[in-house]
Amino acid sequence: VLILFDIKHYAQVVEVIEALKADGKSVTAWTVRHRNQVHMLPVNIKVVDERKDLSITQAISPQILNEFESLKYDTLIDFSLPDDYIFEYLLASNKSRFCIGVRETPNIKLYDFIMRKPVNDSLLDIFEEMNYYLESMK
């Protein structure tokens, strides 16, 4: 499982990662650090740094794209709220068999399954609901 997430949701995403690992899943997580952010994350989280990993024209560096494209995963869960062009660029390079997106307004057509995020719901609430749907589809 590959998880894309907004860096400000790190604490909630860690709980999702732990739940998936407890279920026997191999999990990789990627996020983006924008210019005005100074969050420090553990080394097991891949951070795309807007200052270092994007060109002057805001394109993602070939090294980062190659690393992303070489990842092994069958499911991608996108918790990157709100919409972010860097995550959308990575999603366009996504090779998962199943891609799930969490959106406040489901207007992106990059997913196989979209979970709508009501404003007051946490990502953990959404993840529990997602698990219910995924178990029902088995």
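**Notebook: a look through the predicted model**

I started at I7, which sits in the loop that runs between β1 (2-6) and α1 (10-22). A reminder to myself that this is a predicted model. Is I7 buried or exposed? I looked up its relative accessibility and found 2%, so I7 counts as buried.

Next I traced the strands. In what order do the six strands of the open sheet stand? I read the order as β3-β2-β1-β4-β5-β6, and the pairing is parallel. I wrote down β3 and β6 (113-116) as the edge strands; each has a single partner strand, so one side of each has no neighbour in the sheet. As background for the pairing, strands of a sheet pair through backbone hydrogen bonds, either parallel or antiparallel.

I gave β4 an entry to itself. How many of the residues of strand β4 (residues 75-79) are buried? I counted five of the five, so the strand is largely enclosed by the rest of the structure.

I then went through the partners of β4. With β1, I found four bridges, and the two strands run parallel. Which residue stands opposite I77 of β4? I found I3 there. With strand β5 (residues 98-103), β4 again pairs in the parallel sense, over four bridges. In that pairing I noted T75 opposite F98 of β5.

I followed the sheet on to β6. Four bridges join β5 to β6, and these strands run parallel. Here I noted G101 standing opposite I114 of β6.

I asked myself what α1 packs on. I found α1 packed on the sheet, where it touches β1, β2, β3 and β4. The direction of α1 makes about 165 degrees with that of β1.

I also looked at α1 beside helix α4 (residues 123-137). Their axes come within 9 Å and cross at roughly 30 degrees. Angles under 35 degrees count as roughly parallel, and I therefore logged α1 and α4 as roughly parallel to each other. Which residues of α1 meet α4? I listed Q12, V13, E15, V16, A19 and L20 from α1, and they meet L123, L124 and F127 in α4. By class, I have this contact down as seven nonpolar residues, one polar and one charged.

My last search was for charged pairs. In general, side chains of opposite charge can pair when their charged atoms come close. How many salt bridges does a search of the whole structure find? I got three.

I took R33 with D49 to begin with, and noted 3.4 Å between the closest N and O atoms. This pair links distant parts of the chain, with R33 in strand β2 (residues 28-33) and D49 in strand β3 (residues 45-49), 16 residues apart. I checked burial too: R33 is at 14% relative accessibility and so counts as buried, and D49, at 6%, counts as buried as well.

D49 also meets R51 in a salt bridge, at 3.5 Å from N to O. At 43% relative accessibility, R51 counts as partly exposed. I therefore recorded R51 under that heading, and I wrote down R33, D49 and R51 as linked in a network of salt bridges.

I then turned to K46 and E67, which form a salt bridge with the closest N and O atoms 3.2 Å apart. Here too the pair links distant parts of the chain: K46 is in strand β3 and E67 is in helix α2 (residues 62-69), 21 residues apart. I looked up K46 and found 22% relative accessibility, so it counts as partly exposed. For E67 I found 33%, so E67 counts as partly exposed.

Key: Residues numbered from 1 in each chain as written. Predicted model: local features only at pLDDT ≥ 70, side-chain atom pairs only at ≥ 80, totals over all residues. Heavy atoms only, no water. Buried < 20%, exposed > 50% of the residue type's maximum accessible area, 1.4 Å probe, protein only. Salt bridge = Lys/Arg side-chain N within 4 Å of Asp/Glu carboxyl O. Pairing = 2+ DSSP bridges. Axes fitted to C-alpha atoms, helices over the stretch in contact; angles between N-to-C directions. Parallel < 35°, antiparallel > 145°, perpendicular 65-115°, else oblique. Contact = heavy atoms within 4.5 Å. Nonpolar A, V, L, I, M, F, W, Y, C, P; charged D, E, K, R; others polar.
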